[in-house]
Amino acid sequence: MRYFVVLIVALILNASANLLIKAAASRLAASGDVLAGGVVPAVKAVASSGLFMLGLICFALNLLAYLYALQKLQISLAYPIMVTCGYAIIVVIASWKMGESLVPVQWVGIGLMLLGVWLVGSGVNGRKPADGAMPPAPAVPQQVSQADAGQISSGQR
């Protein structure tokens, strides 16, 4: 349970980082084309943005939390949660606070993505298929000794 909670913290940090960097980019865009003066002035402008730097810190903390969570959680569950739930958080906050909007079909798409994560999660942790059957174990070839090989080739077995 602790690893799942840390995964949730990681996805919140990831969503926060993306939103902070978007806010920094919007402020930088309001002051003109950041790259118009070249790379060095652009790097200075970005580095002097408190929102951007806070976003980088959130990304770094996200990576640490995600690394911790992956010690025990299967990536087949952790990654879909990180990507889809983080995306849903970003979209909701961006539409609420940043004036971005989605058409109804996009909201349906987000709902389907969340449903997909739930479906993926319901099959994790080594659960057997619904009929209870496990796939057959792969055949393991037996080693044949040289003496047995001689008997097999001469038909004495």
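In which hand does helix 1 pass helix 4? The crossing is right-handed, the near helix being turned clockwise from the far one by less than a right angle. The contact of helix 1 with helix 4 has 14 nonpolar, three polar and no charged residues. Here Ala, Val, Leu, Ile, Met, Phe, Trp, Tyr, Cys and Pro count as nonpolar, Asp, Glu, Lys and Arg as charged, and the others, Gly among them, as polar.

The model is predicted; local features need pLDDT of at least 70, side-chain atom pairs count only at pLDDT 80 or more, and totals for chains, interfaces and linings use all residues. Residues are numbered from 1 along each chain as its sequence is written, and side-chain values use heavy atoms, without hydrogens or water.

The protein has six helices and zero strands. Helices (H or I, at least four residues) and strands (E, at least two) are DSSP runs, numbered from the N terminus. Buried residues make up 22% of the 157 residues; buried means under 20% relative accessible area, with a 1.4 Å probe and protein chains only.

Helix 1 (residues 2-30) packs with helix 4 (residues 75-97) at about 45°, and their axes lie 9 Å apart. Axes are lines fitted to C-alpha atoms over the stretch in contact, and angles run from 0 to 180 degrees between N-to-C directions.

Asn-62 is found in helix 3 (residues 50-69). Its relative accessible area is 4%, so Asn-62 is buried. Beyond its neighbours within four places in sequence, Asn-62 is in contact (heavy atoms within 4.5 Å) with Ala-10, Leu-13, Asn-14 and Met-82.

Methods
Buried < 20%, exposed > 50% of the residue type's maximum accessible area, 1.4 Å probe, protein only.
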